[in-house]
Amino acid sequence: MFLRSTVRRVLHQCCSIPDTPPPEPRALAEAIRSSTSLRDLKPLHAAALRHHPDDLFLSAALASHYSLLGSPRVALSLLSPAAADPSLLPTGDTFLWNLLIRGLADAGAHDRALLLYRRLRELRGGAQPDKFTFPPVLKACAHLGEFEEGVKVHGDAAELGFDSDVFVRNSLIALYGKGRALDTARRLFDEMPERNVVTWTAMIGAFVQNGHPKEALALFHQMLQERVRPNRATFLTLIPCVVSCDEADNLHKLIVRHRLESEVIVQNAIMGMYSRCGKIEHARKLFDGIAKKDLASWSSMIEAYARADLFEEAFKLFGKMKLLGVVPDHVTLLGVLRGCSNSALASLKHAQVIHGLVIRCSLVENIMVQTAVIDNYVKRGSLSTARRIFDRLHGRNLVTWSTMISGYGMHGRGQEAVELFNHMKCLMKPDHVSFVSVLSACSHAGLIDEGWQCFNSMTTEFGVVPGAEHYACMVDLLGRAGQLEEAREFINKMPINPDASVWGSLLGACRIHPDAKIAELAANSLFELDCENSGRYILLSNIYTSLGKIEEAHRIRALMRQRGLKKTAGYTVVELNNKLYKFLVGDRSNPQSDLIYTELDRLMDRIKQAGYVPNTNFSLHDVEEETKEKSLYVHSEKLAIVFGLINTRPECIIRVHKNLRVCGDCHTATKFISKVTRRKIIMRDSHRFHHFSEGVCSCGDYW
DNA sequence: TTAGGGTTAG
């Protein structure tokens, strides 16, 4: 109440009623600090300009408040003259320098804050930094990723005797945490005689940022034991560490106990926590219960649906949000894009609609959004559109390049992927993900020499240490070429423990080049490392079947059942006139079913005449050969394709999406279908794209 | 005047 009346009194003075003296700078500064809206702040700003145009204190106070109220641009315009020409600043006044440095940092001008700090250091015989100077400067270093500079600033603080100040120390822990110098952060933390909640939170944050969630949680419990009361920031830092429902429930209870559950920022985080634990319905309940939803609430829920592969729900929620007049930002659209690119229930039309929204929301300059748009076109099957956007894009970064490279890889265009990678490496240093992109592109396209060259260059040229995912790509590459022994030898020589992705590649290779011994070797490791993945059991069983080891195949299926695992239900979605139609195996739910099955019979006869031989290894077990053959005909892939063929004009491309890997027999059949019908068929499966045309598939029969 | 924290592209 007192503060409001201060603002009102000064505002009254500002209105320049005759005979009212102009407000004093001190009163004006107090009113600025007390104002809670831009509406209050603007007349105070006008009064400052009118009555005290050269008062730098007032400019700094105004700037700080503009930043606080969400107008960093105005803040910067206020600080810019002094920042551009520090000679305007009185050389003996550290307080003022501090205000300006902090003002710049708060307004997001971290580089200029750092520059001003350097000027302050250069002042000889004038003002010197004090303990208030360092926190914003260290924060600016952390934001800019200028860790070497941060270490120098740390040296300055130590030289001037401020490095043990608790505020400075907390900033240092945060800096080293972000700079991947966890040991230094921990040492600084351990050395502190007195720690407050910020110290603990900064150290917990350092663990989280360096990928040590268990240590972060342990430190949190130690903090509780030492009776330090956690606050909002502590919980927000800790929430990303939670991966199990039990942990989520425990943390939720603690948040309630600390009376923080009514803050929207905390509610959003709790919602995200439950969705990451797979509790999407619970997350939705929490979302519905948020009384004052902010933009992050909507974006988080959309993102949660996207992560759970529930694109329809994500898109529906996005529509509802717009209907309520909530304006989406880049984060909202990234959620929608993510949902669209992952889902089998999204179409190329969806990709185009979302791209239109990106343009309408003026987000074409946002590199993250544009990268997601490119990825979306790649995954919705339109590589050419993806490339067009990529070529026109300014500010392409490592992620953008990797997206385009892996896009070519997914579509089997290995040569273009390698060319793009070679172009990229002239511009920037590839990281571990860009190597995964190019190596998987080589493996999808069978580019063995190029693959080896890239793999070897990781360490020799770029100092990137290969991880399990790179070895998995190489095993895939060797396996594709039928070099199973070499692949096994390669795994034996790995300097790190092979993980499920590596053994999965070896097992996958055995599907194309059946070898019971090597398949068993891979499967035995997989059943230990990834025992709940039913796909592995199915794969091994199919390999046994193709080798004629029917009993072994049965044994593996039985083992799978015994372990309580079920085969994921396969389905195929076909896109037709901007609509999606889903088919399960033997599906008769479509109104055109009679027509579909009649046409299917006819088509199967046609492709048989063209040389197609059904591969009953991929059919059901325990049935007669003829029944097996018939059961192959009703696979979801074939039903979806036939539905597409009878409902589109001859020049239309058929676009289908299978949620699992395409069945081997359906793959062969589709090649023949493309030949006898002269139709182009683009099929996305869980691994890659297959472009069928004139009896050939872009994958070269390896996937 | 000062510290820690939230949805976000490969």
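The dialogue below goes through selected features of a predicted model, chain A.

Me: What are the ground rules for reading this model?
Reply: Residues are numbered from 1 along each chain as its sequence is written, and chains are lettered from A and ligands numbered from 1 in the order in which they are written. The model is predicted: local features need pLDDT of at least 70, side-chain atom pairs count only at pLDDT 80 or more, and totals for chains, interfaces and linings use all residues.

Me: How many helices and strands does chain A have?
Reply: Helices (H or I, at least four residues) and strands (E, at least two) are DSSP runs, numbered from the N terminus. Chain A has 37 helices and 6 strands. Its C-alpha atoms fill a box of roughly 105 × 55 × 50 Å along the principal axes.

Me: Into which domains is chain A divided?
Reply: Domain bounds come from an automatic or database domain assignment. Here they give domain 1 (319-393), domain 2 (397-459), domain 3 (467-567) and domain 4 (572-697). The C-alpha centres of domain 1 and domain 3 are 36 Å apart.

Me: Which residues does UniProt list for "repeat: PPR"?
Reply: UniProt positions are given in the numbering used here, with feature names shortened, and annotations may be inferred rather than shown by experiment. The unreviewed UniProt entry lists several spans under that name, including 165-195 and 397-427. Residues 165-195 are 74% helix and 0% strand, with end C-alpha atoms 11 Å apart. For residues 397-427 the figures are 87% helix, 0% strand and 10 Å.

Me: What percentage of the residues of chain A count as buried?
Reply: A residue is buried if 20 or more other C-beta atoms, placed from the backbone, lie within 10 Å of its own, exposed if 12 or fewer, and partly exposed in between. Of the 703 residues of chain A, 44% are buried. Histidine 282, in helix 17 (residues 280-289), counts as partly exposed because it has 17 C-beta neighbours inside 10 Å.

Me: Why does the end-to-end distance of helix 21 agree with its number of residues?
Reply: The expected span is 1.5 Å times one less than the number of residues. Helix 21 (residues 348-360) has 13 residues, so it should span 18 Å, and its end C-alpha atoms are 19 Å apart, which agrees.

Me: Which residues of helix 21 are buried?
Reply: An α-helix has 3.6 residues a turn, so residues three or four places apart point the same way. In helix 21 the buried residues are Leu348, His350, Ala351, Ile354, His355 and Val358. They fall within an arc of 150 degrees seen down the axis, so they line one face of the helix; the arc is that of the directions from the helix axis to the C-beta atoms. The face turned away from that buried side carries the exposed residues Gly356, Ile359 and Arg360. Just after helix 21, serine 362 has a positive phi of about 55 degrees.

Me: What covers the buried residues of helix 21?
Reply: Contact requires C-beta atoms, placed from the backbone, within 7 Å. The cover includes helix 20 (330-342), helix 22 (367-379), strand 1 (571-576) and strand 3 (654-658).

Me: How many bridges join strand 3 to strand 4?
Reply: Two strands pair if DSSP finds at least two bridges between them. Strand 3 is joined to strand 4 (residues 681-684) by 4 bridges, running parallel, and to strand 1 by 4 bridges, running antiparallel. Valine 656 in strand 3 stands opposite valine 574, and its bridge partner in strand 4 is methionine 683.

Me: Which residues of strand 3 point each way?
Reply: Ile654, Val656 and Lys658 point one way and Arg655 and His657 the other, and all are buried.

Definitions and conventions
Two residues are in contact if their C-beta atoms, placed from the backbone, lie within 7 Å.
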